[in-house]
Amino acid sequence: MSFLNSKKLPHEEPVYENREVWQCKSCTCWAQKEYVLEDVPTCPLCHEPMEPITKLIRLS
Ligand SMILES: [Zn+2]
């Protein structure tokens, strides 16, 4: 991950971006794909399979 473009914005507005994440099918748990090593992870909370989705997440 690069922080070269991390200059602070004048208004400190939160930055949102669409990222690919793993979303649990049974609960609200999700994890960014870049932090998941498994090909198909299971939810750490309820141990259900997770599915890949695109989620708008807050970056700052
Ligand atoms: Zn779950």
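Tutor: Here is a walk through the strands, the sheet and a few single residues.

Tutor: This is a predicted model, in which local features need pLDDT of at least 70 and side-chain atom pairs count only at pLDDT 80 or more, while totals for chains, interfaces and linings use all residues. Residues are numbered from 1 along each chain as its sequence is written.

Student: How do you know which strands pair?

Tutor: Two strands pair if DSSP finds at least two bridges between them. β1 and β2 have 3 bridges, and β1 and β3 have 9, so both meet the requirement of at least two. Both pairings are antiparallel. As examples, W22 has A31 in β2 as its bridge partner, and R19 stands opposite K55 in β3. A hairpin of 5 residues leads from β1 to β2.

Student: In what order do the strands lie in the sheet?

Tutor: The open sheet has the order β2-β1-β3, with antiparallel pairing. β2 and β3 each have a single partner strand and stand at the edges, so one side of each lacks a neighbour in the sheet. From one strand to the next, the twist averages 40° (axes are lines fitted to C-alpha atoms, for helices over the stretch in contact, and angles run from 0 to 180 degrees between N-to-C directions).

Student: Why is I57 called partly exposed?

Tutor: A residue is buried if 20 or more other C-beta atoms, placed from the backbone, lie within 10 Å of its own, exposed if 12 or fewer, and partly exposed in between. I57 has 13 C-beta neighbours inside 10 Å, so it counts as partly exposed. Of the 60 residues of the protein chain, 7% count as buried.

Student: What does I57 touch?

Tutor: I57 is found in strand β3, residues 50–58. Contact requires C-beta atoms, placed from the backbone, within 7 Å. Leaving out residues up to four places away in sequence, I57 touches Y16, E17 and R19. For contacts in the protein chain between residues at least 6 apart in sequence, 48% join residues at least 24 apart.

Student: Why is E13 called exposed?

Tutor: E13 has 8 C-beta neighbours inside 10 Å, so E13 counts as exposed. E13 is found in the segment before β1 (16–24), and its C-alpha atom is 8.3 Å from that of S60, 47 residues apart along the chain.

Student: What stands out about the phi of H47?

Tutor: H47 has a positive phi of about 65° although it is not a glycine. Most residues other than glycine have a negative phi. H47 is found in the loop between β2 (30–32) and β3, and is exposed because 9 other C-beta atoms lie within 10 Å.

Note on methods
Two residues are in contact if their C-beta atoms, placed from the backbone, lie within 7 Å. Helices (H or I, at least four residues) and strands (E, at least two) are DSSP runs, numbered from the N terminus.
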